[in-house]
Amino acid sequence: MKVAVFSTKAYERPYFDECNATAGHQLVYFEASLNSDTVNLAQGFDAVCLFVNDTANAAVITQLAAGGVRLIDLRSAGFNHVDIAAAVAKGITVLRVPAYSPQAVAEHALALIMTLNRKTNKAYNRVRENNFSVDNLMGFNLYGKTVGVIGTGKIGAAFCQIMLGIGCQVVAHDIVENAALQTKGVTYLPLEELLPIADIVSLHCPLTPATYHLFNAKAFAALKPGAMLINTGRGALIDTGAAISALKSGRLGYLGMDVYEQEENLFFKDLSASIMQDDTIARLMTFNNVLVTPHLAFFTHEALNEIAHTTIQNFTDFENGHFTANEVKLSHIAK
Ligand code: NAD
């Protein structure tokens, strides 16, 4: 089938081309993101292939349908950037890559924790200037600390295993409890009971109407003073303004974020020659206890391989009319 691949980066093309060598789909790569200004590029294609910062809202979907698109294939697990109801209404199927490497994201959450805690980023810069002082680099043992995990699906479960392995007490909150994790020692708690006892909270739930700004001023007020918050889920799980207030007051001791509410204007782009226009992230980056990575958690060789493989298989299954468990349906959207 003929596919318009949006937001293409040079590093992912070899993975897609290799997987497509036998499948034989006609892939046309666009560096542009999909939005109302670029949707005309998809005219005459059977499918569009999207990444996390492409926008497929109702208006864009109406134009995609009018141009002949029958499939939106996401090379991501999250689907919050697609209006699923609008796609269903227009008869467009939405497929995704539900799991490519939960470990990639879970391990990156650990990397954020370890860097914020043991300040290896600061030590690296310090010793390169022949400064071998350890002043202000003190961390804390993770062993024995209480880690709160919000969302214990594929990534959250992998993260729980890592933290249990380190010797942490793991408490969790999810709308569905995972019995296998409970047998390994994870205790499920209501959010209001988890927040005051967790030394570290890590977010692994999807962005839905129910989880939008899950971390607002009220949630920050309930946090254990000085706690660490890690977000590798989606930016809008956190009210960024409330996070800044909590950092200023000291209630929030550390913030590690791989995702950001307004990331579509920044992440995956080299803006090093531009003037920063986003005052919110500029403020965030002035805190010495904040670590921002640019939606990097998924970015491993194994994950890219799996994303390409499943995405190409999705095209083939759709073309052949095969049922696929990778379809995103209206029932997936939590209210
Ligand atoms: P998953 O569907 O396997 O798990 C999500 C879990 O969240 C489920 O157990 C679900 O019951 C739970 N959940 C849903 N609503 C909830 C709520 N209101 N409160 C608490 N828990 C709730 O998904 P996954 O593969 O583990 O991925 C989780 C999220 O991670 C994705 O939705 C995506 O947004 C994000 N993600 C980020 C990256 C990255 O590179 N930073 C990569 C992949 C996925």
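Predicted model: local features only at pLDDT ≥ 70, side-chain atom pairs only at ≥ 80, totals over all residues.
**Cavities.** I searched the whole structure and found 2 cavities of 30 Å³ or more. For the largest cavity I noted a volume of about 50 Å³. I listed its lining as Asn-231, Gly-235, Ile-238, Thr-240, Ala-243, Leu-255, Met-257, Val-259, Tyr-260 and Leu-284. Two elements, α10 (240-249) and β11 (252-257), each give two or more residues to this lining. By class I recorded 7 nonpolar and 3 polar residues there, with no charged ones.

I then turned to the second largest cavity, with a volume of about 40 Å³. Its lining consists of Tyr-11, Glu-12, Phe-51, Arg-75, Phe-298, Leu-304 and Ile-307. Here I recorded 5 nonpolar and 2 charged residues, and no polar ones.

I looked up the second largest pocket and noted a volume of about 450 Å³. Its lining comprises 22 residues, of which Ser-7, Lys-9, Glu-31, Ser-33 and Lys-269 are the closest to the centre. I recorded the lining as 9 nonpolar, 7 polar and 6 charged residues.

**Helix pair.** I examined α4 (residues 102-118) against α6 (residues 154-166) and found them packed at about 50 degrees, with axes 8 Å apart. The crossing of α4 past α6 is right-handed. On the α4 side, the residues in contact include Val-105, Ala-109, Leu-110 and Ile-113; on the α6 side, they include Ile-155, Phe-159, Ile-162 and Ile-166. By class, I recorded 12 nonpolar, 1 polar and 2 charged residues in the contact of α4 with α6.

Conventions
Residues numbered from 1 in each chain as written. Heavy atoms only, no water. 1 Å grid on protein atoms, 1.4 Å probe; cavity = no way out; pocket = protein on both sides within 12 Å on 5 of 7 lines; lining within 4 Å. Points joined across faces, edges and corners; volume = space filled by probe spheres on them. Nonpolar A, V, L, I, M, F, W, Y, C, P; charged D, E, K, R; others polar. Axes fitted to C-alpha atoms, helices over the stretch in contact; angles between N-to-C directions. Helix = DSSP H or I, 4+ residues; strand = E, 2+ residues; numbered from the N terminus. Left-handed = near helix turned anticlockwise from the far one by under 90°. Contact = heavy atoms within 4.5 Å.
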